[in-house]
Amino acid sequence: MKIKQFTAAALAGISLLTVNVYAYSSLEVNEWIDDKSAVSKYTVVSDSKGLKGIADKSGTIIIDTVYNDIKEIPGWEKFAVQKKDGKWTIINITGGTYFQTTYDYIDTQYCDKGYVEAGYYGENEFKNKVGIIDKNMNLIVPAEYQTYIFTDKDGMILGKLNSDNNYDYYKLTEDNSLEYTATLPGILTANSENGLYYIKSYKSCRKYDSETEKYSAGYITTLGLADEDYNVIIEPIYENTSFSFNNGLAIVKKGSTSYEEKVSGSIGNGKYGIIDKTGTEITECIYDSITRSGTNYTFTLDNEKTTLSVNELLGNSNTISVIIDGTKLATDNAPVIVDNYTLLPLRDISEALGAEVSWDAHTKTAVITKDNNIISITVNSDTMLVNNNSVSVSVPAQIINNTTYIPVRNLATALNCLVNWDQENKIVNINTI
């Protein structure tokens, strides 16, 4: 928010070119202007003592400057106000209050969805007590929950701390009842990329004070990932990370036993490693630091530095690895090379590329479908059908140890993927984008 200050003397001679200025008798006024230039019917104003009130756009004060703080609830014609002792309540445009109870805070971030959060502070953000108020000013969810989030899939869901230190999540239904949804090892936070949610948790950790050179009790936050169905993909055990998956890999940190508060946040004494998008640790968290430059990673351990490329990190000279969008394909059936071409288990590679598979055991034919592409591959055939067009294959599909294998390059190309082969590291790189 930007603050414009005006005195009574200055108001008399100002030309009103850029902001609305109102003559509030002899009061000194602070007009709060939304950085996004949002249209509002009201203006929060304050007097020379810093007490706040509400004026309409004509300049008429409709709520006296008697509050320590005010937050407008846009579209509701109501205001969250703090009068004394740091406690909040909600009033209407006449100043009438709705609740006898006051709260430690009121959050209006989902007021456009028809909900306002009211709650009490716990010993940390993971133990706050959250309740939900609707536009009719009913407390439809009591302040007994610890977190909430508005999801694309289920609308509002609320999490409640259970005896196992996990959070049971409930969907708020149309009749304002709560329907159990999932249990997660942390609080869900804003959506990240690809429809995923962050799972935020914490661990007890000693806090170091560099001025006194002493430790005190504290905690450090950790992060994980969940999919759109709230299944845990990555456990919330990693510190100081946002999971920036460059090259399909993220540099992470864990294992801190103490931390210091810096300008950039809580910096723990844990060690660094690398994970892929499935949470598999490509390198253990044992390094003092890891830095990335393009596709190269430099590892520092006891002042010794080692630099490895992505393919060197992911490859294994003794076996063939398949990397799809930076993530290593996990399969019980190892890839094979036939006549210098790589073959992969039919179902494993098809489903990993987001396709559906049907199998005709009589004709030994697989039909692979993704988006508008339909590929038909028959065991021992020199061709395959791609959208009813015959296309030659490098090597015929074949059954090996009761598993059907297909040439990976032919399938990936038919599904509009890019494929390259790293001979030195024995890696098949597939890019679906």
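The structure is a predicted model, in which local features need pLDDT of at least 70 and side-chain atom pairs count only at pLDDT 80 or more, while totals for chains, interfaces and linings use all residues. Residues are numbered from 1 along each chain as its sequence is written, and side-chain values use heavy atoms, with hydrogens and water left out. The chain has a mean pLDDT (the predictor's confidence in each residue, from 0 to 100) of 86, and 90% of its residues reach 70 or more. Residues 1-38 have pLDDT below 50; beyond near neighbours in sequence, this stretch makes 59 contacts (heavy atoms within 4.5 Å) in the model. Where pLDDT is low, predicted coordinates should not be read in detail.

The largest pocket holds about 850 Å³ of space. A pocket is an open set of points on a 1 Å grid over the protein atoms alone, where a 1.4 Å probe fits, with protein on both sides within 12 Å along at least five of seven lines; lining residues have an atom within 4 Å of a point. The volume is the space filled by probe spheres set on the points, which are joined across faces, edges and corners. Of the 31 lining residues, Phe 245, Gly 248, Lys 277, Asp 325 and Gly 326 are the closest to the centre. By class, the lining comprises 13 nonpolar, 15 polar and three charged residues (Ala, Val, Leu, Ile, Met, Phe, Trp, Tyr, Cys and Pro count as nonpolar, Asp, Glu, Lys and Arg as charged, and the others, Gly among them, as polar).

The structure contains 17 aromatic pairs (rings of Phe, Tyr and Trp, the last by its six-membered ring, with centres within 6.5 Å; planes under 30 degrees apart are stacked, over 60 edge-to-face and the rest tilted). Tyr 170 and Tyr 180 form an edge-to-face pair, at 5.9 Å centre to centre and 75° between the planes. Tyr 170 lies in strand β15 (residues 167-172) and Tyr 180 in strand β16 (residues 178-184), so the pair ties together parts ten residues apart in sequence (strands are DSSP runs of E, at least two residues, numbered from the N terminus). Phe 243 and Phe 245 are stacked, at 6.1 Å and 10°. Phe 243 is buried, with a relative accessible area of 7%, whereas Phe 245 is partly exposed at 21% (buried is under 20%, exposed over 50%, partly exposed in between, with a 1.4 Å probe and protein chains only).

Thr 342 lies in strand β34 (residues 341-345) and is buried at 11% relative accessible area.

How values were computed:
Helix = DSSP H or I, 4+ residues; strand = E, 2+ residues; numbered from the N terminus.
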